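Please look at the structure shown below, and then work through the questions and answers that follow, taking one topic at a time.

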Amino acid sequence: MPVLLILSSISCDRNILDISPQDRISDAAVWNDEVLINAYLASLYNAIPHGFFIHMYSKYTDEAYNSAPCCCAELFVLNTYTPDNISSMGGLSTEENWCTNFLYYWDRGYFYLRKVNVFLEKMEETEFELEDKEKLIAEARFVRAYIYFELIKRFGGVPIVAQAYELGEEVEFERSSFDECVAFIEQDLTEAIASLPDRYLSTDPNYGRATADACRALLSRTLLYAASPLFNPTNDQQKWQKAADAAEALLDKGYSLYPDYQELFKLSHGDAQDEVIFSRGFTTSNGHQAPMHNFNRRYEAYGGWWGSNGPSQNLVDDYDMVNGQPPFLENGTVNPASGYDPQNPFLNRDPRFEATILHDETVFRGDTFEMWISEDGTQWGYDSYKNTGDNPRTNYVLKKFMPTEGDFNWQTIFTIQWPYIRLAEIYLNYAEAKFELGDEATAREYVSMVRARVGMPPLPESLTGEDLRRRIYNERRIELAFENQRMFDVRRWKIAINIENRPIRTLDIYKDMSTGIKRYVEVVLLDKSGTYEEKMNLLPIATDEIQRNPELTQTPGW
Amino acid sequence: MLPQLLFSFWSFSQSSIIQGTVTDENGIPLVGVNVVIQGTTHGTITDANGNYQIEAGVGSTLTFSFVGYLSESVAVGAQTVINITLVPDVTQLEDVVVVGYGTQRKETLTGSISKVDGEEITKSPSVNLSTSLAGKLPGLIVNQRDGWPGREFLDILIRGNATMDSDPDYEPGDDDDPNDPFDVINPNEPLVVIDGVPRDNLSRLNPEDIESVTVLKDASAAIYGARGANGVILVTTKKGSQGASVFNFSYSYAIHKPTKIPEMMDAATFAEAYNEAEWNRQGRPDTGYTPFFTDEAIQRYRDGTDPILYPNTDWPGEIIKDYSYLQKVNLQAKGGSDKTRYLLSFGFTDQDGNLKNNPTHYKQFNARARIDVDLTKSLSVGANMNAIFNDRTYASQPVDFVGILQSNPTLVAVYPNGLIAPGRFRNNPLLFDRGGYDKTEDYPLYTTFTATYEVPFVKGLALDASYNYDLRNEFQKWYRTPIYYHEYNVETGEYDRMITDNPIELRDTYRKWTTSLFNFRVSYKTTINRDHNISAMAGIEQQSWKFSWAQAYRKNFVSPAIPQIDAGSTDPEDKDNRGGAAETAYNNYFGRMNYDFKRKYLLEFVFRYDGSQVFPEGKRYGFFPAVSAGWRLSEEKFLTNLPFISELKLRGSYGELGNDRVPQWQYLQSFQFGDNYVFGGSDAPGVFSSVLPNTNITWEVSKKLDFGLVAELWDGLLGTDLTVFQEKRSNILWRRNLSVSHVFGFPALPDENIGKVDNHGFELVLNHRNTVGDLSYSIIANTSFARSEIIFMDEVPPAEPYQTETGHPVGSGLYYKTDGIFNTQEELDSYPHSGNTRVGDIKILDLNGDSVINGNDRYRTNQSPIPEYVFGLTLNFQYKGFDLTLFFQGQTNAYSYDYTLTEFGEQDLDNNAVYRATNRWTRYNQEGATMPRADSYEPGATDFFLYDATFVRLKNAELGYRLPDKLISRIKLKDVRVFVNGTNLLTWAKEITWKDPELRSGDFTEYPPLRIINFGVNVEF
């Protein structure tokens, strides 16, 4: 009996339920600690989607042959995305959305917008002394502007939320107009510029943070979009003027094109360069595996998963010849002036072709790539699609962003940076805006500056009007290939209805085993005709989300 | 005292006064036991403390009899004290049932409680105890969703789904992060209490140690208040009993293989299907189409003339063993003196995996030591210690059945000369024994210490205390090394030895869980005026639970010789470590009162006042009461004239129970480290908050109402037990995900007490027991039905009324309605379809008639993978030394979707089932085709691939033979029985014919449950 009583008194603990969490920090602690406030701000930058998730946006457009049979990316094989299934391309966290790269950015965007708004409100409230509070606020506003830009380029005008709501508040969200959103972005950026340094050198420990120049660069891109046909149906010249001015503001800030185009996409944070204005850095503890995801099977990589990021012939055909001539005419026939030889298709191409795309006979890391099939079909090269489904069917492999030295395996974490905005794009933004304003000479000049870096001849002065526009568009396609730009460019130019309905093609390479002579045969891989509709220039909002918001209108046409 | 006086004048010259106590097998005094001098009518009954006193002559025999127990006879010699322990008569209906914090006789039971004895369970040779429970207990739903040795995944539910899972991403078994204890919480899981402590190792207990398993289904679970809403499974392990030592040895050896491996396409069919798909992708050109696989290649796949370049690989056949083994050894010793009782048990199970060249292996050691000692007449103490060693070994690369079933049949598995080929991704599962391993040593130790004190001054008053400490240590070593393989070189004709270029990696993870539970109870039991039986119990219990883990990682080992962390590279980039901790606690008070009048009118009240740390201060405690009543009509005079009625009872119960199975800390606004970013060349730490706080979060409440009828007629020829129930679940912890716009940008919403679900159903048991000559047999059939209905879940009205989830059972899916396929262009042209639909695709019905096929044409089915009806049928036969048991188990009203069938002919070169390929639409098979084309287009899940998961299976069969006594007594043995038994022997499935019908909804590429055929011997001496 006494034993029992002693036992009970020892064992009974009145405060047994008073437990504090062992793996988290309280709200109050965060906002009263400079380190934690900075940590909160750092996490906000993750709002901006980089391109090194499993699926690059290239396969959602005509840069690659999307052969993904599943996992969300298949919605863009034949443009089968609808309001009912689009949210499978979204999600809040990287884990939830490991494959789709936040193409359906709605949830993720607003999720981070609230985080930014919480931050801005806390900064306003707090009496905690912070040395560089204004700078921190400016950085958060840059992130907010970026989020809005990512939203409007996908959805058009979206609801503007500038405060952090609490659970239980009743708000009926409705879309603001596209122009109102642009104005909101402009205001955030303009005010942020005032509190930020112009730039950090790429070797600076702060490189990668928002800067005044990053704000200007984002403004340039935003205003270019705002002036584009999709968002500027009346072709309001003032919008082009603003776009031109925004780009011009960066021309004298001390940036310059990095001399080696191929090398540029193998740089990490800390490597010296003057071209990239804003980028996402990586470290071995916070890195990516993009090379393994996108390279072909040779180093055990996945070719974009099922070889689904294999560059398309559609893209390859758009690389000029070194003489500056496009290999094909507008009607698809060989341009006689170009010297293009269909049985020697990789010869004498714009150097950016070799820098971006790996093809049959390319020597890479000491290996000669072989994409051929014997004439009788019984033998094939190691990199042929016949060998494994992880060799892209197109017989091309992405070379941009691929490390030429160091380890190349799944156990390596890669640190190659993702360039969000670089000077070449600003030149092209400027050229495009100037062209639309009628200043064709300046347009040619800036396009030619981009071409000059790789030794391509300048655009001839004879190039003008619609032909010039096409070359400006094409220059952007080539220069910014695989940088997650093409998909949105063809939409804002309103040429997607043509581009995205074209078949995805490639060249099959047949080798005569006795002579070693190769034969190139063009094949259609994917018939996309009739799958792309005008309404697809903007993404639909998920059906559930429309149901939750009676005032929210669906994207037109959906 | 009264009986003693009455009989005191019966005195003989050579007689003496005999006294003693009669207890049950748990040492609890039995009240009202008849003590009679054999051959006379003289006798007495035991009092409220189980004590009796009787005058009996030397040489006479005392017989002790009590309803529900086997009678005992003792010859009277010189002794004056005869203490007797009565053993329950398990063959009778009136047995003892373990209920929360105590036992009750079945006759006076008022709750809806099912029970199965340990003996029944051991008839199944399954390694996993939980699978042996399927079909045994009405109301308990057990589905084995996969069959991985040592980590089989089971859905265990009592009366189906009564609440909702607010984590829609939850997939049964997808335990993404073993280091996050809250990663996977199924809020519908019942509470499992093993020897009085909530414990989670039900599946890994030694079946030989089990005395009984009881399931509390109704309000009687309110004694487990807050955690009892989903029902409670109570497991009681065996203990020693007074008497001579009994030693029991058993050994069995079994062979096993997966129940059903889907038949996959051969290389030629696979190649044809792939070509068909590619032809579709290229726009169905009439000419100019170059197939991926040439006709010549397909011919070579078919005729098998070139097994190197044109193989026809049957991957499942190459990888899955024809059979593998399973052996079990059990040793058990038990016995005791009048003061001490003991049980020692040891079990060993050794299960081999079903894959060739794969380290998968499972070993389990169970050791139990239980001792009960009467220190004094009134104080007894006991200890029950159980150690389980689980050694699980798997390959370092997870082999799933996807990698086996879906492997491309045009790739070589093994070259004709025996060398192993790389397969796709160099992921040929036959290579996996070369690439390291993933070993887990999971060693839980469960201890229980009890003390019982019968207060000597107050009859019927007893104090019980128990202290339980469970310590579980788990150490996982994941070691991955490069794999060598051979690849045929087309140019040289040689087999090149290759090696994968991954570095050697090692990850050691240490996890530790501790649970301590203290429990103190006071109970009082008395009988007033012989007819009024009253008992009461009240107690307090505290539980605390802690978990911590640490992990170390290194890569780039110089050599694979030493798989230890220190042997790895010391470069900081090659190292990583992680760790974390969590804890939680419960504090509660509970009690029970029973009253009965002449065992005829029964009344019970239970309560629990429960505090859970999952909720914030002020919301932590909840009060959960339940009341139940019974009326034994068979004890009424007006029915005693009907001799064919041996037992007839009506019962009912009503109560409130709680549920707290949601993640912790939802009431706190807090931040975690993570979501890092990079500035310059270094990592910048981030913080993030993953959930909005809900400061009002509290218990889910379940209100349960049950009515039951129990009858036993013609002395066992017919018995029945019928229960109907209704449950209303409210305050269900549910996230407002459905109605809250994402524009708010909230992180994951917290659980709020908003959902409402109703559940109703019935359970019916029928049994028949008879003896004809030397043959005695019994038939026990049970069936149960449970259907839930969502009453409120904060659903935004969907576009079409037929899509609402509210009003449907929990887990009902949204599917497109289909009507076959579009066989011809005319059919396609004449019916609305989406732009991507072509001839050969599934015909989606335009449900809302708007001539547009979109998400609005989906409808909510009433059907979920959780069966509404489950049934079991047990047949027992006994003839002389032979015994035969057949046990059938089945289910209906369950539906299973199979998306794997939709992925057919796609670019990933995954194989698919012959079932899918048979009679598919092709350009040459249009009109009569019943399956869609290769690379078919579906806008989402369709009911085309939704199947009725009805099945009946011969779950267990056992044939035993007990050697004749004459024979074994010569070799000094008490009992020898040889047996052969089997599990999952025959299966009949209504629609799901290409795979095991019990596999989880979604796909057919799971490790199927096992068919086991087992031979064994049991020796007692």
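Q: Which residue in β32(B) does A:Ile25 stand opposite?
A: Since this is a predicted model, the pairing described here is computed from predicted atoms. Strand β1 of chain A, residues 25-26, pairs with strand β32 of chain B, residues 670-673, in the antiparallel sense over two bridges. Within this pairing between the chains, the residue of β32(B) that stands opposite A:Ile25 is B:Phe671.

Q: What is the area buried between chain B and chain A?
A: The size of an interface is often given as the accessible area lost when the parts come together. The contact takes 98 residues from chain B and 99 residues from chain A. Carbon and sulfur atoms give 58% of the buried area, and that area is about 8,200 Å².

Q: Which residue of chain A meets B:Arg620 in a salt bridge?
A: Across the interface of chain B and chain A, three salt bridges are found, and the count of residue pairs in polar contact between these chains is 27. In one of the salt bridges the side chain of B:Arg620 takes part, with a distance of 3.2 Å from N to O, and its partner is A:Asp18.

Q: Which strand gives the most residues to the side of chain B that touches chain A?
A: By class, this side of chain B has 46 nonpolar, 31 polar and 21 charged residues. The strand that gives the most to it covers residues 575-597 and supplies seven residues, and this is strand β28 of chain B.

Q: Why is strand β5 of chain B largely enclosed by the rest of the structure?
A: On one hand, β5(B) pairs with strand β2 of chain B in the antiparallel sense over four bridges, where the bridge partner of B:Val36 is B:Thr63. Four bridges also join β5(B) to strand β6 of chain B, again running antiparallel, and there B:Leu62 stands opposite B:Val74. The strand, residues 61-65, is largely enclosed because the number of its five residues that are buried is four.

Q: How many bridges pair β22(B) with strand β23 of chain B?
A: On one side, β22(B) is joined to strand β21 of chain B by 14 bridges, running antiparallel, and the bridge partner of B:Val381 in β22(B) is B:Ala451. With β23(B), in contrast, β22(B) forms a hairpin that has six residues between the strands, and B:Gly460 in the turn has a positive phi of about 90°. B:Phe449 stands opposite B:Tyr467 in β23(B). The two strands pair in the antiparallel sense, and the number of bridges is 19.

Technical notes. Residues numbered from 1 in each chain as written. Chains lettered and ligands numbered in written order. Predicted model: local features only at pLDDT ≥ 70, side-chain atom pairs only at ≥ 80, totals over all residues. Heavy atoms only, no water. Contact = heavy atoms within 4.5 Å. Buried area = accessible area lost by both parts, 1.4 Å probe. Salt bridge = Lys/Arg side-chain N within 4 Å of Asp/Glu carboxyl O. Polar contact = N/O pair within 3.5 Å; in protein donor to acceptor, adjacent residues only side chain to side chain. Nonpolar A, V, L, I, M, F, W, Y, C, P; charged D, E, K, R; others polar. Pairing = 2+ DSSP bridges. Buried < 20%, exposed > 50% of the residue type's maximum accessible area, 1.4 Å probe, protein only.
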